[in-house]
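Good morning. I will go through a few backbone details and then the cores. Please have the structure open.

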Amino acid sequence: MKKIFVAAIFAAAVGLCAAEYNDISYYEKSAPAQGNVEYRNERCKLRLSVPDNAPKGFPTVIYFHGGGLSRGKGGYCGYINRDKAAYVAVDYRLSGPKAKCPDYIYDAAAATAWVVKNIEKYGGDPKKIYITGHSAGGYLTAMIALDKKYLNSFGVDPHQIAGFFPVSGQMTTHFRVLGERRAVDPKTPDFLIDEYAPIFHAGKNAPNMILFVGDSDFDWPARVEENALLAARLKRIYKNDNIKIIRIPYGTHGSCAPPSYAMIDKIVNPKKSAKKKSATPQKVVKDNKVNSPKAVK
């Protein structure tokens with residue numbers, strides 16, 4: 001109970017100087033129908049937090065929640081400083097009777113497109129938009145980063161996004177997608193790499209991406225390895241030098257999230273180094289590459 005109380009105090013503290021806009025529908029009325037439109041209109045909304053006292057041109061973080069694509073609700077992760085950056089918590093359609101793949105992937109793309117086209121009205125810089133999400137949210141982050149057809153369908157290109165940061169996301173075809181198919185065809189395999197796997201879309205000219213994962217001994221089985229395989233394909237086979245993977249020592253599927261978001265906050269809100277000749281600036285970001293802490297392997 002004490003830990004929950006402290007976490008609540010911290011989450012509130014990082015957003016004391018933020019204005020909030022709730023229940024913003026992010027699908028344009030002219031958007032083509034995809035899946036259950038009535039459910040889309042009901043579910044597909046976002047919450048926007050905008051820093052009150054930050055100068056115009058502040059960065060924005062878009063967050064996709066986890067929950068196996070079948071549960072959960074958009075909220076604040078509590079580790080992004082909302083006094084300096086805008087924060088967007090997204091609700092997307094959940095897998096079930098009212099939605100199936102790829103509805104929720106299109107929702108993630110539609111929400112991103114709304115931010116790209118509208119954040120400047122709130123004072124944000126559309127060139128400083130970062131996307132992250134944990135677990136299922138990490139899967140959605142990687143899908144819209146690597147399969148450009150989703151963002152393209154809303155008039156946006158993945159390279160317009162400053163950085164994609166999936167946290168312990170599944171990089172093969174998501175188990176929920178396979179579960180939807182298995183309900184129709186019991187012979188559907190437990191493991192598959194097809195068009196609904198982020199790794200399937202690995203190729204040249206990938207957008208900026210940092211893959212955050214836990215420890216291979218503690219995170220979900222094969223979760224670290226499939227992220228490492230994606231990173232290796234993007235970096236070593238397709239020669240993308242803007243890709244990085246960061247492993248959190250002893251991190252489980254859940255416990256790897258807080259330190260990951262703490263590092264993401266340093267990327268989004270870098271501290272200005274003091275101009276001293278004798279001092280070596282501690283930079284977190286340099287040319288879209290992360291200098292990870294020594295503790296991170």
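**Backbone details and cores**

Proline 102 sits in the loop between strand E4 (86-90) and helix H3 (103-118). Helices (H or I, at least four residues) and strands (E, at least two) are DSSP runs, numbered from the N terminus. The model is predicted, so local features need pLDDT of at least 70 and side-chain atom pairs count only at pLDDT 80 or more, while totals for chains, interfaces and linings use all residues. Residues are numbered from 1 along each chain as its sequence is written, and side-chain values use heavy atoms, with hydrogens and water left out.

The peptide bond from cysteine 101 to proline 102 is cis, with omega near 10 degrees. Most peptide bonds are trans, and most residues other than glycine have a negative phi.

Now two positive phi values. Aspartate 23, in strand E1 (residues 18-25), has phi near 55 degrees. Serine 135 has phi near 60 degrees and lies in the loop between strand E5 (124-134) and helix H4 (136-146).

Which of these is buried and which exposed? Aspartate 23 is exposed, at 58% relative accessible area, and serine 135 is buried, at 10%. Buried means under 20% relative accessible area, exposed over 50%, partly exposed in between (1.4 Å probe, protein chains only).

Last, the cores. A nonpolar core is a set of buried Ala, Val, Leu, Ile, Met, Phe, Trp, Tyr and Cys residues joined through side-chain atoms within 4.5 Å. The largest has 66 residues, and Ile105 is among those touching the most other members. Its largest share, eleven residues, comes from H3. Apart from it lies another core, of 22 residues, including Tyr63 and Cys256.
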